Amino acid sequence: MSLGTSSPDPLAALSGGAATSDRIRQVTLSTLTLPLATPISDAKVLTGRQKPMTEIVFLFAEVRTDDGHHGIGFSYSKRAGGPAQYAHAKEIAGNLIGEDPSDIGRIYQKLLWAGASVGRSGVATQAIAAIDIALYDLKAKRAELPLAKLLGAYRDSVRTYNTSGGFLQAPIEEVKERATLSLADGIGGIKIKVGHPDSRVDLARVAAVREHLGPDVPLMVDANQQWDRPTAMRMGRILEQYGLVWIEEPLDAYDAEGHAQLAAALDTSIATGEMLSSVAEHVSLIEHRSVDIIQPDAPRIGGITPFLRLAHLADQAGLQLAPHFAMEIHVHLAAAYPREPWVEHFEWLNPLFNERLETEGGRMLVPARPGLGFTLSEQALAWVSESIEFS
Ligand SMILES: [Mg+2]
């Protein structure tokens, strides 16, 4: 490991701790738009609340230090919010220059105070998330460890399931074919979307996929918040026969009480949390005993710093963990969760990176590379529409 090239006296650096002499020299923020191969529809589109999704906007943060260490992190938004994340990050990123990159807690707090008037959730902290994730990436790379190991891993692989093959715009035959391909690729479970305005369509699709997979393949459904309480209870009771691993987002994301009623009434586990944008919002789910399986998304709740805070609370409450989206980050965070988690497999982000996550025997392997283990592809750089550097 390098002691650092900028210190005039290596022994002085050693006595002070080599890591603490290093300082953040440069921060680069970039925004890019990732086009999706097919327009994507979940139940929010079928109920008319959203349009099919055709692209995802990313905020990337790259942090460099005097000693030449480097970290990369990202945040993202679907349909709206990307320009706002980028704008807020631009306003606060200058605060990083000169800070010790190891002091992630202190830096997080500094960035929060810099933007205090826009709060501690949503866009404000999603802008910080890209930077926070970059700092964790940098810290793990400096330690020459995969991020999972830096955090304290419980396992070297995590159970993984496919979501991308089960959207509602896909005819059922295509859903079944994609499920077969996923399993052949070493993915362990299959999730399909439900929440169709006609419940009979949902039930026919779940029955067809369960029959196709057989009784032993883990199967989940995701209603994307489109049922009301009576519909969710009725559907939940009918779906018990299919041995689902969980029912995801049966209700509005903020209906903690409604989820608690379902969780108490049904044998099938209830999962939600992907839409929530702060630890405090997740705490409401924990306090109401709304879920069996909690589904935070590190970029959405403000980065790895708040994710870890929530993970401790969730474990203390006896909850299972199935983080939402962004498997490139979550494979590490799930590996460091005490209870056996599930990670969502989405190949959508593959064009952004030079590296690929491997799946085998139903599990996603934690990459052995240091940090998150990802570098931006030439294609990603070509998609960058705007970028700014602070030094
Ligand atoms: Mg979902």
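Let's start with two residues, Lys 193 and His 324, which an unreviewed UniProt entry annotates as "active site". They span 132 residues in sequence, yet no two of their C-alpha atoms are more than 14.3 Å apart, so they gather at one spot. Please keep in mind as you look around that this is a predicted model.

Take Lys 193 to begin with. This lysine is found in strand E5, and it counts as buried because 28 C-beta neighbours lie inside 10 Å. Which residues does Lys 193 contact, leaving aside its neighbours within four places in sequence? They are Asp 42, Ala 43, Gly 166, Phe 167, Leu 168, Asp 222 and Asn 224.

Now turn to His 324, which is found in the loop between strand E10 (320–321) and helix H14 (327–335). With 26 C-beta neighbours inside 10 Å, His 324 is also classed as buried. Not counting residues up to four places away in sequence, His 324 touches Glu 274, Gln 295, Asp 297 and Glu 344.

One of the contacts of Lys 193 is Asn 224, and this asparagine deserves a visit of its own. Asn 224 lies in the loop between strand E6 (219–222) and helix H10 (229–239), and its 25 C-beta neighbours inside 10 Å make it buried. Its backbone has a phi near 45 degrees, a positive value in a residue other than glycine. Most residues other than glycine have a negative phi. Arg 79 is another non-glycine residue with a positive phi, in this case of about 80 degrees. You will find Arg 79 in the loop between E3 and H4, where 14 C-beta neighbours inside 10 Å class it as partly exposed.

Let's step back to the overall layout. The domain assignment of the protein gives domain 1, made of 10–144 together with 378–390, and domain 2, covering 148–365. Taken over C-alpha atoms, the centres of the two domains are separated by 25 Å. To the contact between them, domain 1 contributes 32 residues and domain 2 contributes 26 residues. On the side of domain 1 that touches domain 2, at least two residues each come from strand E1 (24–40), helix H3 (43–46), strand E3 (70–78), helix H5 (104–114), helix H6 (122–142) and helix H15 (378–383). H6 gives the most to this side, with 10 residues. By type, the residues of this side of domain 1 divide into 18 nonpolar, nine polar and five charged.

An α-helix has 3.6 residues a turn, so residues three or four places apart point the same way.

Within H8, Val 175, Lys 176, Ala 179 and Ser 182 are buried. Viewed down the helix axis, the buried residues of H8 fall within an arc of 120 degrees, so they line one face. On the other side of H8, Glu 173, Leu 181 and Ala 184 are exposed. The cover over the buried residues includes strand E4 (157–162), strand E5 (189–193) and helix H9 (199–213). E5 is the strand in which we found Lys 193. Just after H8, Gly 186 takes a positive phi of about 95 degrees.

An unreviewed UniProt entry also places the feature "domain: Mandelate racemase/muconate lactonizing enzyme C-terminal" at residues 172–269. This span is 50% helix and 13% strand, and its end C-alpha atoms lie 24 Å apart.

Our last stop is Gly 373, in the loop between strand E13 (363–365) and H15. With 21 C-beta neighbours inside 10 Å, Gly 373 counts as buried. Not counting residues up to four places away in sequence, it touches Pro 146, Glu 355 and Pro 367.

Key. Residues are numbered from 1 along each chain as its sequence is written. This is a predicted model: local features need pLDDT of at least 70, side-chain atom pairs count only at pLDDT 80 or more; totals for chains, interfaces and linings use all residues. Domain bounds come from an automatic or database domain assignment. Two residues are in contact if their C-beta atoms, placed from the backbone, lie within 7 Å. Helices (H or I, at least four residues) and strands (E, at least two) are DSSP runs, numbered from the N terminus. Ala, Val, Leu, Ile, Met, Phe, Trp, Tyr, Cys and Pro count as nonpolar, Asp, Glu, Lys and Arg as charged, and the others, Gly among them, as polar. A residue is buried if 20 or more other C-beta atoms lie within 10 Å of its own, exposed if 12 or fewer, and partly exposed in between; C-beta atoms are placed from the backbone. The arc is that of the directions from the helix axis to the C-beta atoms. UniProt positions are given in the numbering used here, feature names are shortened, and annotations may be inferred rather than shown by experiment.
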